[in-house]
Amino acid sequence: MPHSGINVLFEGHNLVRLLGGLWTTVWIAALALVIGLSLGTLLGALRTLKNPVLRLGLRLYLEFFRIVPTVVLLFLAYYLVPELFHVDSLPGSWMAVIAFGLWVAAEFSDIVRGALLSVPVHQRESGLALGMNRWQLFRYVLLPQALKLELPATINLATRVIKTTSLLMLISVMDVINIGQQIIEANNTTYRTGVFWVYGVIFIFYFVVDYPLSRWAQRLAAQQKV
């Protein structure tokens with residue numbers, strides 16, 4: 001089939017470019033998760049303190065990132081951060097890491113807070129009875145148990161971040177969606193049905209990355225209900 005749409009994948013280095021775009025998608029999501037989960041753990045722990053001013057500030061932080069659409073966050077990071085801090089050399093990919101990282105931190109802080117508060121009271125009392133201070137109680141009693149409780153929600157958050165990276169093309173990041181669109185536009189005349197094959201491959205890429213995580217989260221959630 002000389003002009004079959006599937007041939008667009010093997011024209012030049014198109015398939016290799018798509019794989020390169022997938023790698024860009026994955027490393028941005030992974031780095032944003034590392035930053036966001038680390039910061040979110042700290043913020044979530046702080047939200048359990050009885051300081052009303054601190055809790056209000058962290059609550060407003062959470063609500064800001066919940067209310068503002070992710071695409072707006074990307075544009076703010078891409079255009080506003082370089083202007084405020086006079087940084088012109090950072091590429092869009094790093095602006096995306098900042099935006100996604102802060103968003104993940106906000107969402108994960110609520111997951112951590114809920115998990116910490118879900119630890120049975122007698123576990124806290126046992127730790128205090130052993131003479132633990134607040135840090136030791138958090139480090140050796142609360143955090144290990146909270147990690148088990150929050151893991152399914154954390155994995156679901158990771159899948160959301162990976163899917164949301166599809167917005168990266170809006171700030172000119174060469175992710176898998178952006179590269180796929182370029183391939184379609186460059187070969188639209190020769191391969192009229194190429195769009196179905198290109199986006200079909202992109203669908204498979206996202207499915208391969210996200211589906212195992214989704215199934216893992218479902219199994220963990222089922223085990224916790226037993």
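Q: Before we start, what should I know about the model and its numbering?
A: It's a predicted model, where local features need pLDDT of at least 70, side-chain atom pairs count only at pLDDT 80 or more, and totals for chains, interfaces and linings use all residues. Residues are numbered from 1 along each chain as its sequence is written, and side-chain values use heavy atoms, with hydrogens and water left out.

Q: OK, the core. How many residues are in the largest nonpolar core?
A: It has 53 residues. A nonpolar core here is a set of buried Ala, Val, Leu, Ile, Met, Phe, Trp, Tyr and Cys residues joined through side-chain atoms within 4.5 Å. Buried means under 20% relative accessible area, exposed means over 50%, and partly exposed is in between (1.4 Å probe, protein chains only).

Q: Which helix gives the largest share of that core?
A: H4 does, with 13 residues. H1, H2, H3, H4, H6, H7 and H8 each supply at least two residues. Helices are DSSP runs (H or I, at least four residues), and strands are too (E, at least two), numbered from the N terminus.

Q: Why would nonpolar side chains end up together?
A: In soluble globular proteins, nonpolar side chains tend to be buried together.

Q: Back to H4. Is it mostly covered or mostly open?
A: Mostly covered: 20 of the 27 residues in H4 are buried.

Q: What span should H4 have, and what does it have?
A: At 1.5 Å a residue, H4 should span 39 Å, and its end C-alpha atoms are 39 Å apart, which agrees. The expected span is 1.5 Å times one less than the number of residues in the helix.

Q: Which residues have the most contacts inside the core?
A: Leu-18 and Phe-100. Phe-100 is buried, with a relative accessible area of 0%. Leaving aside neighbours within four places in sequence, Phe-100 is in contact (heavy atoms within 4.5 Å) with residues including Ile-28, Ala-32, Leu-74 and Leu-168.

Q: Switching to rings. How many aromatic pairs does the structure hold?
A: Nine. Rings of Phe, Tyr and Trp (its six-membered ring) pair if their centres lie within 6.5 Å; planes under 30 degrees apart count as stacked, over 60 as edge-to-face and the rest as tilted. Phe-64 and Phe-65 make an edge-to-face pair, 5.1 Å centre to centre with 90° between the planes.

Q: Are those two buried or exposed?
A: Phe-64 is partly exposed at 39% relative accessible area, while Phe-65 is buried at 8%. Ring pairs also link Tyr-61, Phe-64 and Phe-65 into a cluster.

Q: What about Phe-100 and Trp-103, how do their rings sit?
A: Phe-100 and Trp-103 form a tilted pair, 6.1 Å centre to centre and 55° between the planes. They're three residues apart in H4, so about one helical turn separates them. Trp-103 is buried as well, at 5%.

Q: Why does that spacing matter in a helix?
A: An α-helix has 3.6 residues a turn, so residues three or four places apart point the same way.

Q: New topic: how many salt bridges are there?
A: Six. A salt bridge is a side-chain nitrogen of Lys or Arg within 4 Å of a carboxyl oxygen of Asp or Glu. One of them joins Arg-59 and Glu-63, with the closest N and O atoms 2.9 Å apart. Those two are four residues apart in H2, about one helical turn.

Q: Which partners does Glu-107 have?
A: Arg-66 forms a salt bridge with Glu-107, with closest N and O atoms 3.8 Å apart. That pair links distant parts of the chain, H2 and H4, 41 residues apart. Arg-160 meets Glu-107 as well, at 3.7 Å, N to O, and here the link runs from H6 to H4, 53 residues apart. Glu-107 counts as buried at 11%.

Q: Last one: where is Asp-210, and what does it touch?
A: Asp-210 lies in H8. Not counting residues up to four places away in sequence, Asp-210 touches Thr-159, Ile-162 and Lys-163. Asp-210 is buried yet has no salt bridge, and the nearest side chain of opposite charge, Lys-163, is 5.4 Å away. For charge, Lys and Arg count as positive and Asp and Glu as negative, while His and the chain ends are not counted.
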